Amino acid sequence: KSLLLSKSLYLFTENFKSTLFKTFIQCHFDYCCSIFMFTLNENRVRLEKCFNKSIWRLLKVDLFKKNLTDKISLLKKFNISPIFHRQIFHFCMFLYKLYCKKTNCKLYNKLIELKKNDSNSRNLFEEPLFIKKIQTTFIY
C-alpha cells in the first residue's frame with residue numbers, strides 16, 4: 001500500500017501524508033503488535049525495516065540507521081511513535097486488560113503467581129503503572 005500511495009503523494013500536503021500513513025499503513029503494524037511476544041528477533045527486525053521503509057516512502061523521513069531516541073524525535077512532528085514503542089504499549093495494554101477481566105487462562109494464572117510471589121508488585125495491577133510509565137505524547 002505504501003508504494004501505491006507514494007506514487008500520488010505530490011497531490012497531498014505534508015499534514016495529510018501523515019494522516020494517510022496512520023489510516024492505511026499503521027493499522028497493519030498495529031496488528032503485528034499482537035505477535036510481539038511470540039516472535040523471533042529476526043522477525044522483529046524485518047518488521048521494523050518494513051515500518052521504516054513505509055515511513056520513508058510516505059513521509060520521506062529516514063529511520064534506517066537511527067537509534068530509538070532519534071526515531072522518536074524525527075516522528076514526533078507527525079505524531080507517530082516508533083514501531084517498538086507501539087509494540088510495547090499494545091502488549092502492556094493486552095496484559096492489563098487480561099488482568100482486569102480476570103479470565104481463566106494460563107497467562108492470567110502466571111500474572112497471579114507473579115503478584116503473590118513479589119511484594120513489590122502489589123500496586124502494579126491495582127493501577128496501570130506500567131502503562132503510565134510508557135505513555136508518551138503520541139497517539140496510539
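Guide: From the N terminus on, the elements run α-α-α-α-α-α-α, so to speak a list of seven helices and zero strands, where helices (H or I, at least four residues) and strands (E, at least two) are DSSP runs numbered from the N terminus. Keep in mind that this is a predicted model, in which local features need pLDDT of at least 70, side-chain atom pairs count only at pLDDT 80 or more, and totals for chains, interfaces and linings use all residues. Residues are numbered from 1 along each chain as its sequence is written, and side-chain values use heavy atoms, with hydrogens and water left out.

Now for the core. A nonpolar core is a set of buried Ala, Val, Leu, Ile, Met, Phe, Trp, Tyr and Cys residues joined through side-chain atoms within 4.5 Å. Buried means under 20% relative accessible area, exposed over 50%, and partly exposed in between (1.4 Å probe, protein chains only). The largest such core has 17 residues, and Phe-21, Phe-51, Ile-55, Leu-58, Leu-59 and Ile-80 touch the most other members. Two elements, α2 (14-32) and α3 (41-59), each give two or more residues to this core, and α3 gives the most, with five. In soluble globular proteins, nonpolar side chains tend to be buried together.

Zoom in on Phe-51. Leaving out residues up to four places away in sequence, Phe-51 touches Phe-21, Phe-29, Leu-63, Leu-75, Ile-80, Ser-81, Pro-82 and Ile-83; a contact here means heavy atoms within 4.5 Å.

Next, two loop residues. Lys-60 sits in the loop between α3 and α4, and its phi is near 55°, a positive value in a residue other than glycine. Asn-79, in the loop between α4 and α5 (83-101), also has a positive phi, near 60°. Most residues other than glycine have a negative phi. Lys-60 is exposed, at a relative accessible area of 52%, while Asn-79 is partly exposed, at 24%.

How far can you trust all this? The pLDDT, the predictor's confidence in each residue from 0 to 100, averages 76 for the protein, and 69% of the residues score at least 70. Confidence is highest in helix α4 (residues 68-76), at a mean of 92, and lowest in helix α7 (residues 129-134), at 45. Over residues 127-140 the pLDDT is below 50, though this stretch has 34 contacts in the model beyond near neighbours in sequence.
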